[in-house]
Amino acid sequence: MTEIRFDDVCAYLGHVCLCGAGGYRIATLVVDSLSKNYGLLERGEFVLVSSRDHTISGVIAYILGVSKRQDKEKSTYFIDNSIEAPRREYHYFIGSRETKTAFHVTYKKYNLIGHAAMDSLWKIEKQFDIDPASVHESDIKKYGKAMEKMVREVITGKRDSDLFEIKGVSYEDTFSKFIK
């Protein structure tokens with residue numbers, strides 16, 4: 001598989017962000033898990049089902065080389081809105097078409113700093129997008145430091161045990177309603 005680094009993800013997105021870090025880490029964890037048993041797998045030979053159409057799933061799709069197309073027979077990236085998830089919890093089903101192996105990955109993003117702190121940072125970000133001059137410099141610094149710390153924790157794997165849950169699932173059962 002072609003090596004894609006986190007700075008490649010940032011170039012793809014046009015910025016550094018927590019969602020990019022989460023997508024990068026999820027793809028890395030799944031590829032590492034599959035590589036242990038099956039060796040190097042080809043980019044583009046994966047299937048992705050996401051609980052939401054979100055930056056995180058877009059990054060996973062970019063890294064794994066899957067595409068969302070109107071033609072169901074050519075698509076390898078699907079959104080399943082019927083997957084229920086609590087706030088700031090994301091579910092991804094990722095499988096290798098070559099090995100017929102699949103995983104269910106849950107990203108518990110809320111465990112990084114909790115909902116209240118994340119809500120506070122989100123308010124700063126939204127206000128900055130509306131009117132940068134209206135955001136106090138101390139809030140900008142607070143936001144920057146918090147995001148830098150969280151991104152670093154996610155991409156380095158320091159928080160894997162409380163952020164990500166990975167379980168093996170049946171490839172056929174998981175993807176049968178999406179692919180032939």
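Read along the sequence, the protein chain of this predicted model follows the order α-α-β-α-β-β-β-α-α-α-β-α. The radius of gyration is 17 Å, close to the 16 Å that the globule rule gives for 180 residues, so the chain is as compact as a globular protein of that length. In total, the secondary structure comprises seven helices and five strands. The C-alpha trace spans about 55 × 30 × 30 Å along its principal axes.

Burial and contacts were then examined. Of the 180 residues, 45% count as buried. Among contacts between residues at least 6 apart in sequence, 68% join residues at least 24 apart. The accessible surface of the chain comes to about 9,800 Å². Carbon and sulfur atoms account for 49% of that surface. The chain carries 27 positive and 26 negative side chains. The centres of these two sets lie 2 Å apart.

Strand β1 covers residues 46–50. This strand is mostly covered, with five of its five residues buried. Phe-46, Leu-48 and Ser-50 point one way from β1. Val-47 and Val-49 point the other way. Residues on both sides of β1 are buried.

β1 pairs with two strands, β3 and β2. Strand β3 (residues 89–96) is joined to β1 by five bridges, and the two run antiparallel. Strand β2 (residues 77–79) is joined to β1 by three bridges, and here the two run parallel. Leu-48 takes part in both pairings: its bridge partner in β3 is Ile-94, and its bridge partner in β2 is Tyr-77. Leu-48 is itself among the buried residues of β1.

Note on methods
Residues numbered from 1 in each chain as written. Predicted model: local features only at pLDDT ≥ 70, side-chain atom pairs only at ≥ 80, totals over all residues. Heavy atoms only, no water. Helix = DSSP H or I, 4+ residues; strand = E, 2+ residues; numbered from the N terminus. Rg over C-alpha atoms; globule rule 2.2 N^0.38 Å. Buried < 20%, exposed > 50% of the residue type's maximum accessible area, 1.4 Å probe, protein only. Contact = heavy atoms within 4.5 Å. Areas by Shrake-Rupley, 256 points an atom, 1.4 Å probe, with all protein chains shown as cover. Lys, Arg positive; Asp, Glu negative; His and termini not counted. Charge placed at Lys NZ, Arg CZ, Asp CG, Glu CD. Pairing = 2+ DSSP bridges.
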